[in-house]
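The points may be read alongside the sequence and the 3D view.

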Amino acid sequence: GKQVLTFGGHDSQVRDVAFTRDGRGLVANADLAPTLWALTPKDLPAVDGPPKPLWEALATEDGAKAFPLEWALANHPKVAVKVFGERVHPADQALERARFDKLAGDLDSPRFAVREVAEKELTKAGYRVPVAWLRAARTAAKSDEVRARLDRVLAVRAKPNAEERRLSRAVQVLELGRTDETKALLQAWSKAAEGSLLAVEAKAALERLGR
C-alpha cells in the first residue's frame, strides 16, 4: 500500500487505467489521447555484485526500495535465475504433510503440554504452513479449543512476513523476465508443496504468461 512510483503527463483527471499485457506498462485515459507509461523506474540499482545483498534486499518492508530492485533483476533475468535458483528450494517451502497432520492432531491431545507445544510449533513454522491446510484442519476440528488454537495460528500466519514478501517479489521478477530460463524456474517452483505460497504464486504467474 505504499507509493513506489509517480507518473505525470495528463492535465485532467485520469478516468481509466490498465496494465499492458506484458506487465511492463500502464495505459491511462484522461485527455484526448491515452498515455502509455513504462513501469520501469529510471534509476535502477546494479545487480552485478554479490548475490547475498540482492536476496536480502528483496525482503525489505520498504516497497519503494524493493520496486527498483525487482525491475533491475527482471531486466537481467540470468542474474535473477542464478540468485533465486541457489536460494529457493521448493521442498523446503512447506512442512511435510505428515508433520503437519501430527501437530494438528496434537492440538486435540488430552495432555495440555502436548497441545501447547503443537500450537507453538505450528505458529513458529510461519509461512511454511499453507493457509489451506490450517483452514481445512479448523473445519474438521471437533472442539472449541482446537478451533481457538488454529485461529491463533491463522492470525499470526496472516501478518506480513519478510520471507513471504521476498518470495512474492522473486516470482514477480521471473514473470517479468519472460525468458525460457525464468519460465523454467517458475515451473520448478510450481511443483512445491500443494497450497504453499511458492506453488500458488508460481502457478498464477505461469497462467498469466500463458494467456
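This is a predicted model: local features need pLDDT of at least 70, side-chain atom pairs count only at pLDDT 80 or more; totals for chains, interfaces and linings use all residues.

1. The crossing in which α3 passes α9 is left-handed.

2. Which residues make the contact between α3 and α9? On the α3 side they are P77, K78, V81, F84 and G85, and on the α9 side E181, T182, L185 and W189. Sorted by class, the contact of α3 with α9 comprises five nonpolar, two polar and two charged residues.

3. Helix α9 also meets helix α8 (residues 162–177): the axes of α8 and α9 come within 8 Å, with a crossing angle of roughly 140°. Because angles count as roughly antiparallel when over 145 degrees, the arrangement of α8 and α9 is classed as oblique. Here, too, the crossing is left-handed, with α8 passing α9.

4. The contact of α8 with α9 brings A170, V171, L174, E175 and G177 of α8 against T182, L185, L186 and W189 of α9. These residues divide into six nonpolar, two polar and one charged. The student may note that T182, L185 and W189 of α9 are listed in this contact and are also listed in the contact with α3.

5. V88 is located in the loop between α3 and α4 (97–106). Is V88 buried or exposed? Its relative accessible area is 3%, and since buried means under 20%, V88 is counted as buried.

6. The surroundings of V88 may be described next. Leaving aside residues up to four places away in sequence, V88 touches W55, Q93, L167, W189 and L198. One of these, W189, belongs to the α9 side of the contact with α3. Another, L198, is 110 residues from V88 in sequence, yet the C-alpha atoms of V88 and L198 are 9.3 Å apart in space.

7. What does the side chain of R157 make a polar contact with? The partner is the side chain of E164, at 2.7 Å. With residues up to four places away in sequence left out, R157 touches G126, Y127, V129, V131, L134 and E164.

Conventions
Residues are numbered from 1 along each chain as its sequence is written. Side-chain values use heavy atoms; hydrogens and water are left out. A polar contact is a pair of N or O atoms within 3.5 Å; within protein, one must be able to donate a hydrogen and the other to accept it, and residues adjacent in sequence count only if both atoms are side-chain atoms. Contact means heavy atoms within 4.5 Å. A crossing is left-handed if the near helix is turned anticlockwise from the far one by less than a right angle, and right-handed if clockwise. Helices (H or I, at least four residues) and strands (E, at least two) are DSSP runs, numbered from the N terminus. Ala, Val, Leu, Ile, Met, Phe, Trp, Tyr, Cys and Pro count as nonpolar, Asp, Glu, Lys and Arg as charged, and the others, Gly among them, as polar. Buried means under 20% relative accessible area, exposed over 50%, partly exposed in between (1.4 Å probe, protein chains only). Axes are lines fitted to C-alpha atoms, for helices over the stretch in contact, and angles run from 0 to 180 degrees between N-to-C directions. Angles under 35 degrees count as roughly parallel, over 145 as roughly antiparallel, 65 to 115 as roughly perpendicular and the rest as oblique.
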